Amino acid sequence: MSFRKVVRQSKFRHVFGQPVKNDQCYDDIRVSRVTWDSSFCAVNPKFVAVIVEASGGGAFMVLPVLKTGRIDKSYPTVCGHTGPVLDIDWCPHNDHVIASGSEDCTVMVWQIPENGLTQPLTEPVVALEGHSKRVGIVTWHPTARNVLLSAGCDNVVIVWNVGTAEELYRLDSMHPDLIYNVSWSHDGSLFCSACKDKSVRIVDPRRGVVVAEKERAHEGARPMRAIFLADGKIFTTGFSRMSERQLALWDPENLEEPMALQELDSSNGALLPFYDPDTNVIYVCGKGDSSIRYFEITEEPPYIHFLNTFTSKEPQRGMGWMPKRGLDVSKCEIARFYKLHERKCEPIIMTVPRKSDLFQDDLYPDTAGPDAAMEAEEWVAGKRAGPVLISLREAYVPSKQRDLKISKKNVLHESRPAPASSTGSATRLSATAAPATVPSISISTAPGGGGRLEEVLQELQALRLQVKEQGERISRLEEQLSRIENGDV
């Protein structure tokens with residue numbers, strides 16, 4: 001009896017990662033050495049922001065996405081904090097607004113000029129003061145305009161209205177220990193948090209209550225992460241009691257046992273998960289690793305399916321993640337990471353190989369756009385709304401069009417019947433001297449070509465007409481030749 005391993009079908013099985021060429025990296029950036037488990041990098045379709053080393057305060061660099069190559073040491077930075085910057089996050093509804101949290105206990109919101117910085121930026125649009133210890137987490141609300149969440153080492157979570165610079169909600173009794181990370185749900189009605197007390201909590205900030213809590217989600221003492229998935233489930237990364245790195249999937253309705261639990265390896269770097277709600281693929285990057293693993297989350301067991309690993313030589317200090325609307329859909333790019341080395345930032349492009357040059361609907365369902373679904377006041381009043389979706393079809397640019405080229409050869413070589421000889425016998429001038437060859441049409445259709453269809457059809461029609469006329473001419477010549485041979489002329 002033969003057993004054949006059945007491979008699970010998935011369009012993401014062959015996703016492969018490709019680092020860009022050296023001239024497309026951002027070189028000579030002194031990445032921050034702060035010992036804090038954040039990604040140190042934030043990206044949107046216009047800018048790349050990286051937390052950098054700074055003397056006498058905290059700073060991060062904001063570079064236009066297209067400004068690659070060596071970055072001058074004197075390039076201006078955002079340097080208004082008096083302590084090291086620990087976390088940064090771009091506003092999902094305005095590509096020029098970024099928030100930063102720092103060891104100086106403040107959260108600052110900055111407006112970046114259209115073409116990037118030309119001089120150091122020291123004055124924030126708004127400074128939010130409410131934490132008593134360093135602020136290690138800042139994250140924008142996914143659907144409500146101007147709503148920002150911050151969490152500090154004082155174990156307090158504050159939700160701000162940036163537009164009015166006021167505290168909306170202050171949650172100071174839910175976390176007895178250091179908060180490792182916070183993640184909003186898909187519509188922003190809840191958030192989940194991972195805490196040093198090994199608990200994962202699901203919190204409704206507007207009611208100020210813990211909706212659900214799982215104690216000892218991961219047994220290990222090292223940092224863990226928890227993120228919301230689009231369908232409301234929770235994905236966590238952490239460590240086992242034996243310090244092996246783990247992934248787990250949880251159903252908020254029943255947190256007794258994980259839906260799935262996988263052990264990865266025994267490295268000691270914290271695992272940072274990046275989730276794509278459009279494709280249900282999770283990319284897991286370990287700090288200090290030199291690899292990115294990716295998994296597909298499905299509705300059927302075992303729920304977490306390992307897809308592949310991208311491996312490079314250099315370990316990563318941090319990682320940025322481009323929103324879907326900043327990707328090149330013409331090249332079937334489904335994710336782009338910005339990997340931080342010690343002295344540079346290297347983009348890594350994840351693509352799904354496809355032969356077709358057309359827009360791939362299955363890879364690019366409608367995704368979250370830059371428009372807010374509601375105002376901060378509406379959210380406070382209890383409104384719920386998912387992200388405003390946009391189609392990426394408009395971003396599709398077909399590869400360079402190549403025109404169809406038609407080379408037309410004369411169907412018949414001009415040949416006339418020779419005059420009959422004086423003896424009355426006719427030399428058979430072949431109507432064969434005028435062969436009715438089919439015209440040679442060479443159509444060069446390179447991938448992505450196919451523009452002038454109308455012109456081609458017209459040319460073809462004219463050619464057919466020409467063939468028909470030449471055919472009639474041959475018939476007349478043959479008839480004339482036959483009459484000469486029969487002595488009728």
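Modeller: Welcome! The secondary structure of this protein comes to two helices and 32 strands. The model is a predicted one, in which local features need pLDDT of at least 70 and side-chain atom pairs count only at pLDDT 80 or more, while totals for chains, interfaces and linings use all residues. Residues are numbered from 1 along each chain as its sequence is written, and side-chain values use heavy atoms, with hydrogens and water left out.

Biologist: How much of the protein counts as buried?

Modeller: Of its 489 residues, 48% do. Buried means under 20% relative accessible area, exposed over 50% and partly exposed in between, with a 1.4 Å probe and protein chains only.

Biologist: Which residues are in contact with Ile71?

Modeller: Contact means heavy atoms within 4.5 Å. Leaving aside neighbours within four places in sequence, Ile71 has Asp27, Asp28, Ile29, Met61 and Leu63 as contacts. Across the protein, 53% of the contacts with a separation of 6 or more are between residues 24 or more positions apart.

Biologist: Ile29 came up there. Which residues touch the most other members of the largest nonpolar core?

Modeller: Ile29 does, along with Val48, Phe60, Ile112 and Tyr338, in a core of 55 residues. Strand 4 gives the most to this core, with six residues. There is also a second, separate core of 25 residues, and Val15, Leu307, Leu363 and Tyr396 are among them.

Biologist: What makes a set of residues a nonpolar core?

Modeller: The members are buried Ala, Val, Leu, Ile, Met, Phe, Trp, Tyr and Cys residues, joined through side-chain atoms within 4.5 Å. In soluble globular proteins, nonpolar side chains tend to be buried together. Take Ile112: beyond four places in sequence, its contacts include Phe47, Val62, Val78, Trp90 and Leu117.

Biologist: How do you know whether Tyr364 is buried or exposed?

Modeller: Its relative accessible area is 3%, under the limit for buried, so Tyr364 is buried. Tyr364 sits in the loop between strand 30 (344-351) and strand 31 (367-368). Not counting residues up to four places away, Tyr364 touches Lys324, Phe359 and Leu392, among others. Leu392 is 28 residues from Tyr364 in sequence and 6.7 Å away in space, C-alpha to C-alpha. The side chain of Tyr364 also reaches the backbone oxygen of Glu333 at 2.6 Å.

Biologist: What about Lys198, buried or exposed?

Modeller: Lys198 has a relative accessible area of 19%, and since that is under the limit, Lys198 is buried. Lys198 is in the loop between strand 17 (191-195) and strand 18 (200-204). Its phi is near 70°, a positive value in a residue other than glycine.

Biologist: What is the phi of Phe40?

Modeller: Phe40 has a positive phi of about 65°, although it is not a glycine. This residue lies in the loop between strand 2 and strand 3. With a relative accessible area of 2%, Phe40 is buried.

Biologist: Where is Ser32 found?

Modeller: Ser32 is in the loop between strand 2 (26-27) and strand 3 (41-43). At 2% relative accessibility, Ser32 counts as buried. Phe40 is one of the residues that Ser32 touches, and Arg317 is another.

Biologist: Which residues does a cis peptide bond join?

Modeller: Pro301 and Pro302, with omega about 5°. Pro302 is found in the loop between strand 26 (291-297) and strand 27 (304-311).

Notes: Helices (H or I, at least four residues) and strands (E, at least two) are DSSP runs, numbered from the N terminus. A polar contact is a pair of N or O atoms within 3.5 Å; within protein, one must be able to donate a hydrogen and the other to accept it, and residues adjacent in sequence count only if both atoms are side-chain atoms.
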